[in-house]
Amino acid sequence: MPLYILRVSLDHLTFRLPSLLSISQTFDFPIRFVSEDKFRGILVVELAHKKDVQHLIDRGTLIMWIAELYAQAETYDDLHAQLRERPDLFDEYRQRTFKITPEAANYHFIGSRPLEIVKSFAYLDMRGGVELENPEVDFVVFEDYDSETIHTHEQRLARDGRFRTVYFGRRIGFSRARPLVKEQSVKTRAYYGNTSMEAEMGFLMANQTLARTGKIIYDPFAGTGSMLYACATFGAYVMGSDIDGRQMRGKSKGPDVTPGMLRAAAQYGVADKFLDLLTFDVTRSPIRRGGWVDAIITDPPYGVRAGAKRIGKKSTRKTPLREDPYVLEDGTFAHTKSTYVPPFRPYELVNLTLDLVLLARYLLVPRGRLVFFLPTVTEEYDAIDIPVVEGMRELKVGDGSVQDFGKWGRRLITMEKTAEDDGEMPKFEDQDINSLADKLPAHHDFARRYYERFAPRNNSTPDVPTDGESAGSS
Amino acid sequence: MVRLITHNMLACHVRNCNKDNFPLIFSEVELVIRETPENLDFIRRFLPKLDWTALVDTARSLGDTTLPDEQPVEMTDDQLRALHHVLMEMHVEEGNMTCRGCGHVYPISNGIPNMLLAEHEVGR
């Protein structure tokens with residue numbers, strides 16, 4: 001079975017394998033990781049069919065390019081010896097125009113070294129002529145070095161050729177997904193907000209949802225829709241809701257105004273994929289049935305820049321929620337006015353996370369996915385922080401995917417619905433957080449702890465609000 | 001937006017409103033037809049999730065009479081195309097959705113419906 005070399009980004013290492021596995025699952029083809037060390041600049045994989053390479057090229061945002069592997073060795077002598085024994089590999093391309101490109105990881109070529117490398121392959125006996133601009137065949141020689149810090153030119157020169165592995169292959173193509181990260185950068189987006197997710201993470205998340213043509217993907221905390229553009233770009237229909245319509249719409253309202261999110265969608269040519277945007281509180285949702293959403297993708301607000309909210313009143317407010325409508329002086333009901341906004345209270349992250357999993361259990365189709373970011377205090381994170389819900393299971397490779405910011409990080413959680421039935425719409429009741437006091441998840445009360453720079457929790461006097469009062473809501 | 005595919009998934013959710021709360025009735029609508037690439041496989045797969053009667057009634061209230069009263073057991077491609085048009089291409093951009101049960105009005109502006117409940121309407 002054919003082996004391929006993937007030139008992969010050294011960023012977001014913990015997202016690498018999950019994203020490749022998700023691509024293989026989206027398009028239902030097997031992939032096997034052959035490299036012993038799977039976290040270097042090159043990853044060797046085995047695919048059952050040649051056509052499957054295209055899926056990796058179309059969807060791999062961490063992939064730079066893919067080549068068919070011809071030989072790999074620790075030294076050039078060994079590499080040349082292997083290639084000399086396989087002239088058949090080149091028969092098909094012998095009369096084609098070609099070029100040989102030397103590349104490297106953790107290393108930059110200087111001087112005449114690249115030319116010497118190219119010349120050392122003269123024995124390949126390629127007769128089609130060299131063509132640097134648009135060759136019919138593009139061979140790559142790839143030297144993979146260890147990362148090391150050097151300070152002098154002499155040290156730099158001494159590194160030449162001291163790579164760990166050298167690969168030789170025929171380049172099949174450059175990733176078509178990776179340039180999307182730049183094309184859809186928030187910097188050039190027609191509409192964005194102060195909490196918009198960077199495009200690269202959006203695409204990595206979209207891959208985890210198994211997004212593709214004909215699927216419906218829903219974001220219950222849509223905000224400015226960062227994740228939805230990525231899902232729609234991968235061909236899925238998307239739907240978003242938010243308690244604050246202004247997030248989705250932007251400042252302007254009125255005739256002939258296109259909501260901000262649709263302007264950005266139109267910029268990326270995916271406006272027709274946006275099924276609908278709705279304003280509602282996800283805990284008081286008008287959705288009438290479950291079992292029809294293929295994936296839920298979301299980056300719930302965790303209070304540092306914006307806090308999650310739900311309809312209700314803080315327990316510190318003197319009056320409880322009204323039982324009857326408020327009548328204005330002119331005899332009309334306040335809530336029938338277009339400017340009416342109900343009172344909101346903070347939505348504590350611990351409650352929100354559990355509710356999100358319960359909602360996914362209800363709305364998703366069997367084997368549908370829930371993909372979301374969970375902020376955690378790095379030192380306190382524990383696997384039990386992920387709510388356990390019957391009918392949902394966490395999918396995790398190794399220790400999971402984490403974006404590490406030092407004292408805190410955000411963890412990309414991927415869950416799958418294992419239940420076959422729809423079940424009941426969750427009740428969205430507040431948990432008794434006091435009863436969790438000694439096993440509070442590391443994302444509890446995240447915003448306050450962020451501002452306190454993650455000082456350890458004071459266990460003797462657990463300062464635990466019952467309804468998430470202190471979840472920051474700046 | 002507010003396409004009928006979404007509309008078919010929405011019911012009034014005011015506290016204690018559980019009779020005649022679906023489908024929501026459109027009024028004062030500004031309807032826009034936007035052609036959308038067909039994906040008949042998607043329509044076929046989504047079919048079991050739909051409430052057919054509600055869909056047909058709503059489509060007729062918006063002036064589209066292409067759907068039959070009874071849901072066909074086997075859909076022909078032409079019928080699927082008609083369904084695609086109703087579900088995906090009819091956008092209510094402005095107007096109201098009203099609950100037949102409790103009379104709550106959900107206004108739609110710029111294609112985005114406001115389905116936030118008032119404080120006396122949320123469940124406790």
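Mentor: A:D421 and A:R361 form a salt bridge, meaning a side-chain nitrogen of Lys or Arg within 4 Å of a carboxyl oxygen of Asp or Glu. This is a predicted model, in which local features need pLDDT of at least 70 and side-chain atom pairs count only at pLDDT 80 or more, while totals for chains, interfaces and linings use all residues. Residues are numbered from 1 along each chain as its sequence is written, chains are lettered from A and ligands numbered from 1 in the order in which they are written, and side-chain values use heavy atoms, with hydrogens and water left out.

Trainee: How far apart in sequence are the parts that A:D421 and A:R361 tie together?

Mentor: The closest N and O atoms of A:D421 and A:R361 are 3.2 Å apart. Helices (H or I, at least four residues) and strands (E, at least two) are DSSP runs, numbered from the N terminus. A:D421 lies in the loop between β17 (408-417) and α13 (446-451) of chain A and A:R361 in helix α12 (residues 349-363) of chain A, so the pair ties together parts whose separation in sequence is 60 residues.

Trainee: Is A:R361 buried or exposed?

Mentor: Buried means under 20% relative accessible area, exposed over 50%, and partly exposed in between (1.4 Å probe, protein chains only). A:D421, at 40%, counts as partly exposed. A:R361 has a relative accessible area of 9%, so A:R361 is buried.

Trainee: How many salt bridges does the structure hold over all chains, and which residues are linked with A:R40 in a network?

Mentor: Over all chains there are 35 salt bridges. A:R40 forms one with A:D144, with the closest N and O atoms 2.8 Å apart. A:R40 also forms one with A:D146, again with 2.8 Å between the closest N and O atoms. The residues linked with A:R40 in a network of salt bridges are A:D144, A:D146 and A:R164.

Trainee: Where in chain A do A:R40 and A:D146 lie, and how many residues apart in sequence are the parts they tie together?

Mentor: A:R40 and A:D146 form a salt bridge. A:R40 lies in the loop between β2 and β3 and A:D146 in the loop between β6 and α6 (153-158), so the parts they tie together are apart in sequence by 106 residues.

Trainee: Is A:D146 buried or partly exposed?

Mentor: A:R40 has a relative accessible area of 16% and is therefore buried. A:D146 stands at 30%, so A:D146 counts as partly exposed.

Trainee: Why is the pair of A:W292 and B:F46 called edge-to-face?

Mentor: Rings of Phe, Tyr and Trp (its six-membered ring) pair if their centres lie within 6.5 Å; planes under 30 degrees apart count as stacked, over 60 as edge-to-face and the rest as tilted. A search of the whole structure finds 25 aromatic pairs over all chains. In this one the centres are 6.1 Å apart, and the pair is edge-to-face because the planes are at 85°.

Trainee: Which helix holds B:F46?

Mentor: A:W292 is buried at 4% relative accessibility, and B:F46 is buried at 5%. The pair crosses between chains, from A:W292 in the loop between β10 (274-279) and β11 (293-298) of chain A to B:F46 in chain B, in helix α2 (residues 40-46).

Trainee: Which ring does the charged end of A:R84 sit over?

Mentor: A charge sits over a ring if NZ of Lys or CZ of Arg is within 6 Å of the ring centre and within 35 degrees of the ring normal. A:Y70, A:F90, A:F121, A:Y123, A:F139 and A:F168 form one aromatic cluster. The charged end of A:R84 is 4.1 Å from the centre of the ring it sits over, that of A:Y123.

Trainee: What is the bridge partner of B:I108 in β4(B)?

Mentor: Strand β3 (residues 105-109) of chain B and β4(B) run antiparallel and are joined by two bridges. The partner of B:I108 in β4(B) is B:P113.

Terms used
Two strands pair if DSSP finds at least two bridges between them.
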